[in-house]
Amino acid sequence: MSQSLALRAGMLSIALLAAFLVLWQFAVSGTGTTQQMDPEYAKLMGLTATQGKSAMPGPMDVGAKLWEHLRRPFYDNGPNDKGVGIQLAYSIARVLTGYLFAFLVAVPLGFLIGMSPLFSRALDPFIQVLKPISPLAWMPLALYTIKDSNASAIFVIFICSVWPMLINTAFGVATVRRDWLNVAKTLELGTWRTAFQVILPAAAPTILTGMRISIGIAWLVIVAAEMLVGGTGIGYFVWNEWNNLSITNVINAILLIGLVGMVLDQLMARLQRLVSYSE
Amino acid sequence: MSPRPLIRIEGLARRFPEPSGKSTLTVFEDVWFTVDPGEFVCIIGHSGCGKSTILNILAGLDRPSEGTVIVGEQAIDGPSLDRAVIFQSHALMPWLSASRNIELGISSRHRNWSSERVRAHAQKYLSLVHLDGSENKKPAQLSGGMRQRVGIARALAVEPKILLMDEPFSALDALTRGALQDEVLAIRRATEQTIFMITHDIDEAMLLADRIVLMTNGPKARIAEIVENTLPKDRQRTDLHKYPNYYPLRNHLLEFLVTRSKELAGGVGAGDPRAPVIIRPVASASTAAETAIGTSTQSSAPYRSRPAPTRVIAHANGSAVTPGADTALKRISRPT
């Protein structure tokens, strides 16, 4: 009973994982119905048809393949055979590029909207209409105008991550406490010092919340975008392995996408803690 | 002859448009009074009489609908480092340390100072409010009283001509409030800082203020009278109730807040709003009879006929700029 909550929670997590893996193994180890068939034909069919083996890989298969991937993450055997490390690196690079552009647009524009009731009202209808559009709906338009699949994927990331940052920045700036602005006025801080030394730090936690939501959405969207544009990236890898009928690789990719998403989110959370303040 | 006033508030009024948009709501109007250099003036009135609005106008954070505020020789136009504000809710930046909060104003006042000089100046004012050792703490790590001390240091550090205090101690517990009042009293005696302060607390006003401006209830609030503090200049908080003028002064203020602020609300002012009635409540032992100093033209004002503690009433005559400067003296006898 003296064990700490963290330790008990960790043990429970491990137990749940173990139970899931055992169930998984059990579910795929049985054999299904088989048919008698011509031996020549049976050669063409896989083990699923001839021995009733499940097509779904078990945890051991996935683990073995994952180990293989992790041992050689960066090999490059041509367009259709690259290591997952390379594929993930392509995806991360696209996400960060689109995200950076979104940041450069959203934060200054959000500042303007937050500080000016005129711009807030004038831009509101555009934001309300553009915000709910699925980022992938922009893809054909992007491909047609930009005429580059890689840049189009980056544009899709830009368009999906710009809204949460824009809206949160505007909200954070508009809701800076009146008292602090009054202090800035009575201390004659001037426009720029007020913006950078009062409004920005006051709104920073809200802005970071928007940035954290944005990076999450961007990572969700990149997989779908890369399935469409193809060529490189973890989204393309998933689709390619599906075409190869390698469910093992698909599961591995899913796992890796989750892990990378978690790391991105944790990085933003750390940044958020850095700028947060308690009153 | 009093010195030339540092602040002249002339015919100030603030009106807000009604939600319907057709008429306007007058919070206060025809407010005239002055503050001399080195003087400590308190303003007392119920919520809604517009005293915070008057302070905000003085600070330059709000604009009057009518009238002007003249500081020195100039009508004010917006906020200035010469008029520092101590806010009710301390209004410290929570992401900055105590020292950095104070440095913000100093570096704005002295743009060419090095950061070491700014920090040393901030340290000086932190010491003044007895916060040595807390310079690197964030406001969240400080107690309510300590935060307000930082707020006081921030205001004083820009060396303003006028200190404006908006109920600075109302959010503090009684013990902390007392300690901070003593602090303000000591700083004020040392620096002769001109201070204008809003308060709800009669004892606070009696301890700190030289003159106490009483406002009638809003809407259409105005100055009912200005009470001179008749307690000795070197008064101490612990001895306050021992002074002979303590009860006459306190009863007069209390009675005003309890009944007369309501009775006088919304009505037309008794007399010239440019020269509010000046009251000097003193103990009967020192004057033997109820006396009034004034021009007697407004001595029949209704509130003066009620039984009241004995006092001397001084009434300003005519001059809008320096009320009380040329008052004539006249004794009237009153029934007890």
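Trainee: How many bridges join strand S1 to strand S2 of chain B, and what makes the two count as paired?

Mentor: In this predicted model, eight bridges join S1 (residues 7–17) of chain B to S2 (residues 24–35) of chain B, which run antiparallel; because strands pair if DSSP finds at least two bridges between them, these two count as a pair. Strands here are DSSP runs (E, at least two residues), and helices likewise (H or I, at least four), numbered from the N terminus. Across this pair, B:Arg14 stands opposite B:Phe28 in S2(B), and in the hairpin, with six residues between the strands, B:Gly21 takes a positive phi near 90°.

Trainee: What makes residues of chain B count as buried, and what percentage of them are?

Mentor: Buried means under 20% relative accessible area with a 1.4 Å probe, protein chains only, and such residues make up 55% of the 336 in chain B.

Trainee: Which residues line the second largest cavity, and why are they called lining residues?

Mentor: A cavity is a set of points on a 1 Å grid over the protein atoms alone where a 1.4 Å probe fits but cannot get out, and lining residues have an atom within 4 Å of a point. The lining residues are therefore A:Val183, A:Thr186, A:Leu187, B:Leu81, B:Ala84, B:Val85, B:Phe87, B:Arg154, B:Ala155 and B:Val158. About 70 Å³ of space lies in this second largest cavity, a volume being the space filled by probe spheres set on the points.

Trainee: What numbering and limits apply?

Mentor: Residues are numbered from 1 along each chain as its sequence is written, and chains are lettered from A in the order in which they are written. Local features need pLDDT of at least 70, and side-chain values use heavy atoms.

Terms used
Predicted model: local features only at pLDDT ≥ 70, side-chain atom pairs only at ≥ 80, totals over all residues. 1 Å grid on protein atoms, 1.4 Å probe; cavity = no way out; pocket = protein on both sides within 12 Å on 5 of 7 lines; lining within 4 Å. Buried < 20%, exposed > 50% of the residue type's maximum accessible area, 1.4 Å probe, protein only.
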